[in-house]
Amino acid sequence: MEPGEPREAREPGPGAETAAAPRWEEAKTFYDNLAPKKKPKSPKPQNAVTIAVSSRALFRMDEEQRIYTEQGVEEYVRYQLEHENEPFSPGPAFPFVKALEAVNRRLRELYPDSEDVFDIVLMTNNHAQVGVRLINSINHYDLFIERFCMTGGNSPICYLKAYHTNLYLSADAEKVREAIDEGIAAATIFSPSRDVVVSQSQLRVAFDGDAVLFSDESERIVKAHGLDRFFEHEKAHENKPLAQGPLKGFLEALGRLQKKFYSKGLRLECPIRTYLVTARSAASSGARALKTLRSWGLETDEALFLAGAPKGPLLEKIRPHIFFDDQMFHVAGAQEMGTVAAHVPYGVAQTPRRAAAAKQAPSAQ
C-alpha cells in the first residue's frame with residue numbers, strides 16, 4: 001500500500017470475505033421477507049367462484065382405494081403415512097384445476113385487488129393424517145389450494161354450503177347425488193380412456209343442455225310420449241324459457257368472469273370458453289334452448305346441435321377440460337375419445353340408478 005492510500009482502498013484481508021457472507025445472507029433474508037410472496041392471498045369464499053374437488057378427483061389413488069376396500073381404513077392410513085413423501089399422480093380433475101389457476105393469473109393481472117376469482121377447495125372424507133401426503137402432492141405440482149376439508153370418514157357434503165360451493169367434483173357417485181339433492185351443482189368425474197393434450201392458456205368447459213343447464217322437462221316428454229310429441233311440445237313452447245338445471249349457476253359464474261375480460265376489450269382473447277353440446281336438433285328444438293339462455297342473460301361461446309349424433313367426435317375437436325352430461329352413454333362416448341367427462345345425476349334418466357346406488361361400497365375420498 002502506498003503511503004497515504006485511504007483505508008477503504010486497501011485490499012481485504014484473508015478473513016474479510018468470510019465475515020461479510022453472513023451479513024449479506026442476513027440482509028438477503030430480510031429483503032426476501034419484505035418481497036411479495038409467490039402465492040396470492042386466498043379470497044373470501046363468498047366473493048369467489050368456489051370449486052370443491054375430492055382427493056380422488058384431483059389425484060389418481062387407485063392403489064390406495066384398493067387397499068381401503070380390501071384391507072380397511074387402518075391399513076389404508078398406514079400405507080398413506082408410509083408413502084407420504086411420494087406425490088400422487090394427476091387425476092381427471094387435475095388439468096381442469098390447472099386451467100382454473102391459469103385464468104386466475106390473468107384475472108389478478110387485470111384486477112389486482114379483486115377477489116372474484118376461482119377458489120379451489122380440497123373436499124375429502126380422508127383422515128387428517130393423510131393430509132400430509134395431499135399437501136406434499138399439491139406443493140409438488142405447485143398448485144394453489146389453501147383450503148382443505150378432511151372429515152375423517154364422515155361425508156363432506158354438509159360443508160359444501162359453508163364454503164359457498166359453486167361446483168363439486170368427486171369420483172364418488174353417491175356423494176355427488178347427495179350434493180345434487182342439496183341443490184349444489186355437482187358431477188361424478190371420470191378419467192378418459194386415453195390422454196389428450198388440452199389448452200394450457202384457455203379454460204374450456206362443455207355442457208349438455210337438458211338436465212344439466214336446463215331442467216329435465218323435455219326429457220320427460222320424450223320418455224313419456226316419444227320424439228314426435230317432444231318436437232311438437234318444443235315448437236309450442238319455443239318462447240317459454242325452460243326451468244334451470246343443476247349447472248345453470250356454474251355457467252352463470254363462468255359468464256360473470258368472462259365479462260371481466262370483455263370489459264377490458266379482451267373478448268377474442270378471453271381465457272374462458274364455453275360450449276353447449278346437445279343432442280337436440282337445431283331446426284326443431286334448438287331455438288328454445290338458445291332463447292332460454294338469452295332470457296337468463298347467459299350465452300355460450302359455441303352451440304353444437306347434434307340431432308342425436310354421437311358427441312365424442314365433436315368433443316375430441318373441442319378438447320374441453322371437462323364435459324358435463326346427464327347420460328352415461330354420452331359420458332362413456334366422451335371418455336373413449338380422450339375427454340374428461342363428468343356425469344350429472346339429475347332428472348328422469350337417473351331413476352333406475354337410484355336403487356343400485358345403495359349397493360355401492362363406501363370409498364376413501
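This report describes the fold of one protein chain, moving from the whole to single residues.

## Basis of the description

The model is predicted, and for that reason local features are given only where pLDDT is at least 70 and side-chain atom pairs count only at pLDDT 80 or more, while totals for chains, interfaces and linings use all residues. Residues are numbered from 1 along each chain as its sequence is written, and side-chain values use heavy atoms, with hydrogens and water left out.

## Overall composition

The protein contains 15 helices and 12 strands, where helices (H or I, at least four residues) and strands (E, at least two) are DSSP runs numbered from the N terminus. Of the 365 residues in the protein, 48% are buried; here buried means under 20% relative accessible area, exposed means over 50%, and partly exposed lies in between, as found with a 1.4 Å probe on protein chains only. A contact means heavy atoms within 4.5 Å, and among the contacts in the protein with a separation of 6 or more, 77% are between residues 24 or more positions apart.

## The sheet

An open sheet of 10 strands, with mixed pairing, has the order β5-β4-β1-β6-β7-β12-β11-β8-β9-β10. Two strands pair if DSSP finds at least two bridges between them. The edge strands, each pairing on one side only, are β5 (147-150) and β10 (302-305), and the twist from one strand to the next averages 25 degrees.

Strand β1 (residues 49-53) and strand β6 (residues 165-170) run parallel and are joined by four bridges, with Ala52 standing opposite Tyr168 in β6. The pairing of β6 with β7 is also in the parallel sense, over three bridges, and the bridge partner of Tyr168 in β7 is Ala186. Further along, β8 and β9 pair in the parallel sense over five bridges, with Phe207 opposite Leu276 in β9, and β9 in turn runs parallel to β10, to which four bridges join it, with Leu276 opposite Ala303 in β10. Two of these strands are well covered: six of the seven residues of β9 are buried, and four of the five residues of β7 are buried, so β7 is largely enclosed by the rest of the structure.

Helix α8 (residues 173-181) lies across β6, β7 (186-190) and β12 (341-343), and runs at about 160 degrees to β7.

Helix α3 (residues 62-71) and helix α4 (residues 73-82) have axes that come within 7 Å and cross at roughly 150 degrees. That makes α3 roughly antiparallel to α4, a label for angles over 145 degrees, whereas those under 35 count as roughly parallel, 65 to 115 as roughly perpendicular and the rest as oblique. The contact is made by Glu63, Glu64, Ile67, Tyr68 and Gln71 of α3 together with Val73, Glu75, Tyr76, Tyr79 and Gln80 of α4.

## The nonpolar cores

A nonpolar core is a set of buried Ala, Val, Leu, Ile, Met, Phe, Trp, Tyr and Cys residues joined through side-chain atoms within 4.5 Å. The largest such core has 77 residues, and those with the most contacts inside it are Phe96, Phe118, Leu203, Phe207 and Phe324. A second, separate core of 11 residues includes Ala206, Leu304, Leu315 and Ile318. When neighbours within four places in sequence are left aside, the residues in contact with Phe207 include Leu247, Phe250, Leu276, Phe323 and Phe324.

## Some single residues

Thr292 is found in helix α12 (residues 282-295) and is buried, with a relative accessible area of 0%. Leaving aside its neighbours within four places in sequence, Thr292 is in contact with Phe214, Lys240, Pro241 and Leu242.

Asp142, in the loop between α6 (131-140) and β5, has a positive phi of about 55 degrees although it is not a glycine, and is partly exposed, with a relative accessible area of 37%. Arg319, in the loop between α13 (312-318) and β11, has a positive phi near 55 degrees and is likewise a residue other than glycine; its relative accessible area of 38% makes Arg319 partly exposed.

Conventions
Axes are lines fitted to C-alpha atoms, for helices over the stretch in contact, and angles run from 0 to 180 degrees between N-to-C directions.
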